[in-house]
Each structure stands twice: as C-alpha cells, then as structure tokens.
Amino acid sequence: MGERERSVKYTTVSIPVTLYNRIKRLIEGTGFTSVSQYVTYVLREVVAAHEESLREEPFTDEDKERILEKLRRLGYL
Amino acid sequence: MVSRPHGGRLVYRVAEGHRRERLVRESRDMVRLNIDLERAIDLEDIGFGVFSPLEGFMVQDDYIHVLDDMRLADDTPWTIPVTLDADPDELVDVREGDEIALYYDGRPIAIMSIEEIYGWDKRRHAEKVYKTTDPGHPGVEKTMSMKELLVGGRIELIGQAPNRFEEYTLWPRETRVLFREKGWRTIAAFQTRNVPHLGHEYVQKAALTFTDGLFINPLIGWKKPGDYKDDVIIEAYKTLIKHYYPRDVVVLAALRMNMRYAGPREAVHHAIARKNFGATHFIVGRDHAGVGDYYKPYEAWEIFQEFPDLGITPLFIREAFYCKKCGGMTTEKTCPHTEQDRIRISGTKLRKMLKEGKIPPPFMMRPEIAQTIIKYKNPFT
C-alpha cells in the first residue's frame, strides 16, 4: 500500500447563502471548524433516521420458529 | 423496538442443509488457507451478522477508509479493520476471483471468494488503530506479528471452530427474536471481559432503571495474560444474576469476539456489534477496551461525538465507587463527599486478593461471586 492522503472524497452541494451565513454564526465557538463539517454532521444524523424507516425483517417465519425452539431449549424463554 | 442492523441489513452468511453439504464437498478441491482461532472467530462474527454489514474480510478500499476516516467506503461508521492476513507463499496458486477454503484445525470452516489481495503497512495500521506503535501494547504486538498480505472478499460459513460455551452463545438473529418475545423496546448492552464487582453492578442497574432490559454480553476468546478465564466470567455472571437481578430483565449471552485493546475505536466497534444484536443503548465505561496508560480514562466517550449516525445510544456512566458517607455505591456526579470518604474498586487489587484466595470486602464484590471465583484453582489466563 503506497502513501495515500485522507481517502474521503468531497463534492459540492449548494445551499442558500443565507443558510450558510446562519450556520457560520451558529458554529462560532463550538467544536465545528467549518460549515461543511456541520452540514455533514447534521446530514448523517438525518439520513440515518430516514434509513431507519426503511428497515427490513432479517429472517423468515420459519427461521423465527427454529430460533424460538432454540431459545426455549437453552432456557432463555 | 430493537435497533436496526448496522448498515441496514442483518448479514447471515451461513450455509445450511444441502448447500452446506455441497460446499463442504467442493472445499476439498479448493486451494486451502489455514487460519488460526482468532480469524476463525472473526469468520463466525461475520457469518452470523455480529459485524453486519460486513460480508467478508475487508477489501482495500474499506480498509483504508476505516483506518483514515473510521467509516467504510460507503460512509457507514466502522472503526476496527477486520482483515485476513496471509503470506505470499500461501497464495501462490490464488488469483482474485478464485474461491478458496479456509481451514481451522484441519477442518474447512468457510468458503471465501477472493476479491482482492493487497499489501499493508503494519506500522501505519498500529498508529491509526491503537494510536501507538509501542510493541508493549498487546494489539500492536499482534499486528506486528501478522503476515505480509491482506486478503479481502465475501465469505460463507460451512463450519465452526469448537465452542465450549455453545449453550451460552446467542447470535444477532436469535437475540432479536428473544428481545421481541420479551417485549423489550429498549435494551442496554453491557460489554465485559471481567468478572462483575459492585461498580459494574451499579452501572448496569443505573442503565436498567430506564431501559426495559439488560443484555450482558461477555467477550470470550483471546485476551491478554492475567485476564479472567472465560468460564470464570460466565460463572461469576450467572451467580450475580441468580442472587441480585430479577430474572425477566436480564439476558446473559457470551460472544466470541477478539479483544484488540484499541480503546476508543474499539468502544465504537463494541457498540456496533451490540446494535446488531438489537440493543438500543450501549454502556461505555471508564477506559473502555483500554490497556495500560495508552488511553485517557474517558477518551472512549469523546469518540462517540464523531458518530451522530451510529444508530445506538451510548450511555456514559461514570466509574462507581463506595462512599463511606453516602453509605453505598455512587459516582462523582452523585456524591458530594471528598476522596478520603471514597473507596475506589481496583481491578488489580481484586485480582490480587482473589489470587490469594481471599474474599474481598462486600462493598467491592458480592461474596457469592468471590466464592464462585476462588473455587477455581487458577481463575486467570
């Protein structure tokens, strides 16, 4: 593996200048060092919450029956 | 509601029935790569979804993102590289795109589709993961002894290394069903590699005051010399639960997962694993997954600030101690008294007493637990 710089690549997303300025004021004196850093943080939080609503059941009814049988056998239920 | 699996989908890469039989047969004609118990344990954790969304050992893109950014290439939080190492002479007949059989102790336990074979810089790995290259750090020592190449690709389990704790082992699919059956909507997970003392019990019960259930999930597998043996930890917890917990609010299950002693990074790794088990909250203790003085006592708390999208809530509960004036276990947050009134529970001191067959004072360790431990001729690894 050769020398590599930080591997995250960035792209540009446009936001209104008014919002940009508002965030800039908001992050003064906080741990956030740039508007981009703040926006990334907030978006990750929002995206994760949105993904939460798209959850799938990870196993079938048949799997569930087998699991319940094991849990009873081991004394968990 | 139990947590959503990390990355959105619970991985299950375990061949069953006829498919398993066929793969076992086919594995005999494949190139064989022998692996040790630690890699066999990683394989289990991948196959049964503890490491969801990982479906195999990391390819280079994920590996580098994890080192540099603590995220997989698709931006999912991930802090500890999960890699398979091999020497070039073991891979002479292997090309990217091949399927190989991974053997542990003479038995095929997984089929791996080779996606990538790549070199790595052990020193850089150690600096990033452990924040030190000191060979005295057990994780660094292990890293430096690993082989020259890394092999990435999806795996499918066709067997398992023998597990002495099978009756205490539950996998994420199973705990998810169990928590639902119990009607728990909020579950606090407690990670441990120690026997419980009063401080641990305090922290667990503090979490349990506002969650429906407590998931005690001790790690079994490789630990550094001087740590408690796996069966001692399990027996000590069984004793604690029997005497001091209502039965319907606690689940005890062992997890075979390798300790890395990577402090803050490993704390996040432990949280992700428990999220896959369905836990909604994760207790992050003092010097979580730390060793020696390599990490600050509460450094593991700080790292969680970088992951607003982790999907499991960390519970930062300060170290509990006995206060003579309060007359019980308390923390710096809840006790107004001075250090002279406080008795800190030292793991080292407890180990020394137990090694000498002495029962620690009851404000440090429940006598029933101490009795359980000293029944063992040598309770330490």
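## Burial in chain B

Of the 381 residues in chain B, 49% are buried. The model described here is a predicted one.

## Overall form of chain B

Chain B contains 12 helices and 16 strands. Its radius of gyration is 21 Å, close to the 21 Å that the globule rule gives for 381 residues, so chain B is as compact as a globular protein of that length. Taken along the principal axes, the box filled by the C-alpha atoms of chain B is roughly 70 × 45 × 45 Å.

Counting contacts with a separation of 6 or more, 76% are between residues 24 or more positions apart.

## The nonpolar core

In soluble globular proteins, nonpolar side chains tend to be buried together. The largest nonpolar core in this model has 114 residues. The residues with the most contacts inside this core are Leu102(B), Ala110(B), Ala188(B), Ala189(B), Phe215(B) and Ile283(B). Helix α8 of chain B, residues 230–244, gives the most to the core, with six residues. Both domain 1 (6–157) and domain 2 (166–374) of chain B supply at least three residues each to this core.

Which residues does Phe215(B) touch, leaving aside its neighbours within four places in sequence? Its contacts are Thr175(B), Ile187(B), Ala188(B), Ala189(B), Phe190(B), Val251(B), Phe277(B) and Ala279(B).

## Strands β8 and β9 of chain B

Strand β8 of chain B covers residues 187–192. This strand is mostly covered, with five of its six residues buried. Its partner β9(B), residues 213–220, runs parallel to β8(B), and six bridges join the two. Within this pairing, Thr192(B) stands opposite Pro218(B) of β9(B).

The contacts of Phe215(B) include Ile187(B), Ala188(B), Ala189(B) and Phe190(B). Ala188(B), Ala189(B) and Phe215(B) are also among the residues with the most contacts inside the largest nonpolar core.

## Where chain A meets chain B

How many residues does each chain give to the contact? Chain A gives 25 residues and chain B gives 23 residues. On the side of chain A that touches chain B, the elements giving two or more residues are α2 (35–52) and α3 (61–73) of chain A. The largest share of that side, seven residues, comes from α2(A).

By residue type, the side of chain A that touches chain B holds 13 nonpolar residues, one polar residue and 11 charged residues.

Terms used: Residues are numbered from 1 along each chain as its sequence is written. Chains are lettered from A and ligands numbered from 1 in the order in which they are written. This is a predicted model: local features need pLDDT of at least 70, side-chain atom pairs count only at pLDDT 80 or more; totals for chains, interfaces and linings use all residues. Helices (H or I, at least four residues) and strands (E, at least two) are DSSP runs, numbered from the N terminus. The radius of gyration is taken over C-alpha atoms; the globule rule is 2.2 Å times the number of residues to the power 0.38. A residue is buried if 20 or more other C-beta atoms lie within 10 Å of its own, exposed if 12 or fewer, and partly exposed in between; C-beta atoms are placed from the backbone. Two residues are in contact if their C-beta atoms, placed from the backbone, lie within 7 Å. A nonpolar core is a set of buried Ala, Val, Leu, Ile, Met, Phe, Trp, Tyr and Cys residues joined through C-beta atoms within 7 Å. Domain bounds come from an automatic or database domain assignment. Ala, Val, Leu, Ile, Met, Phe, Trp, Tyr, Cys and Pro count as nonpolar, Asp, Glu, Lys and Arg as charged, and the others, Gly among them, as polar. Two strands pair if DSSP finds at least two bridges between them.
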